[in-house]
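This report describes a protein model from its overall architecture down to selected side-chain pairs. The sequence and structure are shown first.

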Amino acid sequence: MIFDNKILTEEEAMDVSNRVLSMREAFIDRGTFDTLGASVYLDDPLSYIELKDETNPLLKHNFDDLYKKVIEEITSMLHVPVKHHPYGALPGFHIFGNDSAGHQGHKHIDQPYQRLFWPEPFHMPFSFTLAINVPDKAGLEVWPNLVTEEPEYVDYTAGHMYSHVGHVTHRIAGVGNPTDENPRITLQGHGAILSLSQEAVIYF
């Protein structure tokens, strides 16, 4: 199941989008898309440590207000305190421009926790995507069970956060017409609940 929660107005989402685009010099080229921030599933584990130490202060300075809204929403959903992962990168941005038009993601389940050091045992891993800028159309394809061959399509609306718990098979839908001037922008993050502390931690 994909949860859909509105946490930003259209104006707030546009403001975040403008802030992201003003930081193009900090974008990291990932091939057909860019990220703003380190990513545990994209970066070599050793490079990830160095990159997150470099980019976390930049992200916190520019998007601390956004992180507070995300943490507030996840706290409300999980009914446990939420904080940033002590060894992880802050939730970062996917930016899809000209090179990504028509491309769809690969079918997968999220298991980034396998590439990260944890301070204690954890359970209930989850993932979230906050749509920031939606050029024409953007969304997610989801396979709710292994029996279903055709995916269900989840359409994104700017300002809405889409999240799921556990191992949901999904991929980025190859829809819309993103350009470098009007890219598809999402805030991406993962998390889990620490079993001893009973706190949730988020990271990317």
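**Basis of the values**

The model is predicted; local features require a pLDDT of at least 70 and side-chain atom pairs a pLDDT of 80 or more, whereas totals for chains, interfaces and linings use all residues. Residues are numbered from 1 along each chain as its sequence is written, and side-chain values use heavy atoms, with hydrogens and water left out.

**Overall fold**

The protein contains two helices and twelve strands. These elements are DSSP runs numbered from the N terminus, helices being H or I with at least four residues and strands being E with at least two. Read from the N terminus, their order is β-α-β-β-α-β-β-β-β-β-β-β-β-β.

The radius of gyration of the protein is 16 Å, which agrees with the value near 17 Å that a compact globule of 204 residues would have. This quantity is taken over C-alpha atoms, and the globule rule is 2.2 Å times the number of residues to the power 0.38. The C-alpha trace spans about 45 × 45 × 35 Å along its principal axes.

Of the 204 residues, 50% are buried. Buried denotes under 20% relative accessible area, exposed over 50%, and partly exposed in between, with a 1.4 Å probe and protein chains only. Among contacts with a separation of 6 or more, 78% are between residues 24 or more positions apart; a contact means heavy atoms within 4.5 Å.

**Strand pairing**

Strands of a sheet pair through backbone hydrogen bonds, either parallel or antiparallel. Here two strands are taken as paired if DSSP finds at least two bridges between them.

Four bridges connect strand 7 (residues 139-143) with strand 10 in the antiparallel sense, and Glu141 is opposite Arg171 of strand 10.

Strand 5 (residues 92-96) is largely enclosed by the rest of the structure, because five of its five residues are buried. Strand 5 runs antiparallel to strand 3 (residues 34-36), to which three bridges join it; Thr35 stands opposite His94 there. Strand 5 also pairs with strand 11 (residues 184-194), again in the antiparallel sense, over five bridges. Gln188 in strand 11 is the bridge partner of Gly92.

Where does Thr186 lie? Thr186 belongs to strand 11 and is buried, at 1% relative accessibility. The side chain of Thr186 makes a polar contact of 2.6 Å with that of Gln188. A polar contact is a pair of N or O atoms within 3.5 Å; within protein, one must be able to donate a hydrogen and the other to accept it, and residues adjacent in sequence count only if both atoms are side-chain atoms. Leaving aside residues up to four places away in sequence, Thr186 touches several residues, among them Gly92, Phe93 and His94, as well as Thr129 and Tyr156.

**Salt bridges**

Side chains of opposite charge can pair when their charged atoms come close. The structure holds ten salt bridges, including those tabulated below; the criterion is a side-chain nitrogen of Lys or Arg within 4 Å of a carboxyl oxygen of Asp or Glu.

| Salt bridge | N to O distance |
|---|---|
| Arg19 and Asp15 | 2.7 Å |
| Asp65 and Arg19 | 3.1 Å |
| Lys137 and Asp155 | 3.4 Å |

Arg19 and Asp15 are both in helix 1 (residues 10-21), four residues apart, about one turn of the helix. The pair of Asp65 in helix 2 (residues 45-78) and Arg19 in helix 1 links distant parts of the chain, 46 residues apart. Asp15 is partly exposed at 37% relative accessible area, and Asp65 is partly exposed at 40%.

Lys137 lies in the loop between strand 6 (122-133) and strand 7, and Asp155 lies in strand 8, so this pair ties together parts 18 residues apart in sequence. Lys137 is partly exposed at 34% relative accessibility, and Asp155 is partly exposed at 38%.
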